[in-house]
Amino acid sequence: GLDRRACTMGCCESSNRRAGVGNETLNPVMGQAFQDQLVPLMSEAAFKGDIAMMERLLSKGASVNQHDQYDRTPLHFAAFNGHLEAVRWLIDQKADVNVSGVVNGFTPLFAACENNDLEVAKLLVEAGADTSTKSRDGRTPIQHALHHNRTYVADYLHQVIMATPSRKRAFFARESSPERGHEQQMRNDPS
């Protein structure tokens with residue numbers, strides 16, 4: 001089974017779905033029901049960083065962009081747990097780096113920010129992750145990192161934003177809340 005951290009991401013519901021709990025209409029032979037059964041398996045494999053299992057599931061019809069009931073994809077799970085090679089593999093398989101979850105609006109970059117995982121954050125940004133997207137609570141990835149005192153990732157994102165004119169414009173265009181304490185500091189930054 002998955003550890004307690006999985007429960008905070010909603011994986012327990014996925015595990016119950018895989019076991020057929022609360023859903024007796026699943027048909028393991030074919031059709032959409034079969035595809036639905038692959039969702040929690042793919043999510044669990046990504047959560048564990050199990051690339052071999054994800055490859056097997058992909059060969060059976062799973063998708064790297066499939067969503068669970070909370071709109072999280074395997075990339076969310078791999079990024080959340082810092083599985084760099086699994087994140088790389090999913091990106092190579094054309095996983096959407098900007099997909100957001102329905103509950104909190106987090107993209108995989110938010111997961112990397114929350115865990116202060118600089119390597120995963122770099123990989124996601126290099127693959128095109130939007131540094132100016134906002135979660136349901138109105139935070140950008142850098143704001144999310146700062147909110148959780150994740151300075152390594154916040155510093156990296158700040159450098160990326162300031163070094164890329166289009167990202168810098170997008171970042172400041174989306175900044176509109178005066179309660180964000182770091183905004184003024186960033187605007188006064190001479191870099």
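The crossing of helices H4 and H6 is right-handed. This is a predicted model, so keep that in mind throughout. H4 covers residues 51-59 and H6 covers residues 84-92; their axes come within 10 Å and cross at roughly 25 degrees. Angles under 35 degrees count as roughly parallel, and H4 and H6 are therefore roughly parallel to each other.

Which residues make the contact? On H4 they are Ile 51, Met 54, Glu 55 and Leu 58, and on H6 they are Glu 85, Ala 86, Trp 89 and Leu 90. Six of these residues are nonpolar, two are charged and none is polar.

Now to Glu 85 again, and to salt bridges. How many are there in the whole structure? A search finds four. I will go through some of them.

Glu 85 pairs with Arg 88 in a salt bridge, with the closest N and O atoms 2.6 Å apart. Both residues are in helix H6, three residues apart, or about one helical turn. Glu 85 is partly exposed at 45% relative accessible area, and Arg 88 is also partly exposed, at 31%.

In helix H3, residues 32-48, Glu 44 and Lys 48 lie four residues apart, about one turn of the helix. Their side chains form a salt bridge at 3.1 Å, N to O.

Next, Asp 137 and Arg 139 form a salt bridge, their closest N and O atoms being 2.8 Å apart. Here Asp 137 is partly exposed at 42%, and Arg 139 counts as buried at 17% relative accessibility.

Note on methods: Residues numbered from 1 in each chain as written. Predicted model: local features only at pLDDT ≥ 70, side-chain atom pairs only at ≥ 80, totals over all residues. Heavy atoms only, no water. Axes fitted to C-alpha atoms, helices over the stretch in contact; angles between N-to-C directions. Helix = DSSP H or I, 4+ residues; strand = E, 2+ residues; numbered from the N terminus. Parallel < 35°, antiparallel > 145°, perpendicular 65-115°, else oblique. Left-handed = near helix turned anticlockwise from the far one by under 90°. Contact = heavy atoms within 4.5 Å. Nonpolar A, V, L, I, M, F, W, Y, C, P; charged D, E, K, R; others polar. Buried < 20%, exposed > 50% of the residue type's maximum accessible area, 1.4 Å probe, protein only.
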